[in-house]
Amino acid sequence: MHAVIRRYEGATDPAEAGRRVNEEFLPLVRQVKVFVAYYWVDAGGGVMVSTGVFQDRAGAEESTERAGGFVRERLAELLPHPPQVTAGEVVAHS
């Protein structure tokens with residue numbers, strides 16, 4: 001399995017960002033054939049964190065492409081700064 005973690009700072013409206021992710025992005029990311037799970041977290045202080053888990057690296061990379069397009073098209077005014085992206089192989093889970 002592979003995971004992708006994106007940290008967004010400076011969110012201007014975390015509640016609205018969460019609503020858009022829940023209603024619009026989740027259906028897109030679920031279409032990735034090797035999708036396992038996705039979480040969107042309001043970490044407070046204008047910080048939003050997403051975690052996506054996929055069965056393979058290609059799925060994780062596809063999710064990154066979809067996320068980039070979605071943020072540009074639907075969240076740019078709410079997430080004005082590019083995310084810090086961390087991705088890699090899951091080596092432990094439960």
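Guide: A crossing of two helices is called right-handed if the near helix is turned clockwise from the far one by less than a right angle, and left-handed if anticlockwise. By that rule, α1 passes α2 in a right-handed crossing. Helices (H or I, at least four residues) and strands (E, at least two) are DSSP runs, numbered from the N terminus.

The model is predicted, with local features needing pLDDT of at least 70 and side-chain atom pairs pLDDT 80 or more, while totals for chains, interfaces and linings use all residues. Residues are numbered from 1 along each chain as its sequence is written, and side-chain values use heavy atoms, without hydrogens and water.

Two packed helices are described by the angle between their axes and the distance between the axes. Here the axes of α1 and α2 come within 11 Å and cross at roughly 140 degrees. Axes are lines fitted to C-alpha atoms, for helices over the stretch in contact, and angles between N-to-C directions run from 0 to 180 degrees. The two helices are therefore oblique to each other: under 35 degrees counts as roughly parallel, over 145 as roughly antiparallel, 65 to 115 as roughly perpendicular, and the rest as oblique.

Contact means heavy atoms within 4.5 Å. From α1, the residues Ala17, Arg20, Val21, Glu24, Phe25, Leu28 and Val29 meet Ser63, Arg66, Ala67, Phe70, Arg74 and Leu75 of α2. These contact residues divide into eight nonpolar, one polar and four charged. Ala, Val, Leu, Ile, Met, Phe, Trp, Tyr, Cys and Pro count as nonpolar, Asp, Glu, Lys and Arg as charged, and the others, Gly among them, as polar.

Strands pair if DSSP finds at least two bridges between them. Strand β1 (residues 2–8) is joined to β4 by six bridges, and Ile5 has Thr86 of β4 as bridge partner. Seven bridges join β1 to β3, where Ala3 is partnered by Val53. In the hairpin of β2 and β3, two residues lie between the strands, and Gly45 takes a positive phi near 65 degrees.

Strand β3 is largely enclosed by the rest of the structure, because seven of its eight residues are buried. Buried means under 20% relative accessible area, exposed over 50%, and partly exposed in between (1.4 Å probe, protein chains only). Ser50 belongs to β3 and is buried, at 0%. Apart from neighbours within four places in sequence, Ser50 contacts Val4, Ile5, Arg6, Tyr8, Tyr38, Tyr39 and Trp40.

Phe35 is in strand β2, and its relative accessibility of 23% makes it partly exposed. Not counting residues up to four places away in sequence, Phe35 touches Val29, Arg30, Val53 and Phe54. Val29 is also one of the α1 residues that meet α2. The C-alpha atoms of Phe35 and Phe70, 35 residues apart along the chain, are separated by 17 Å.
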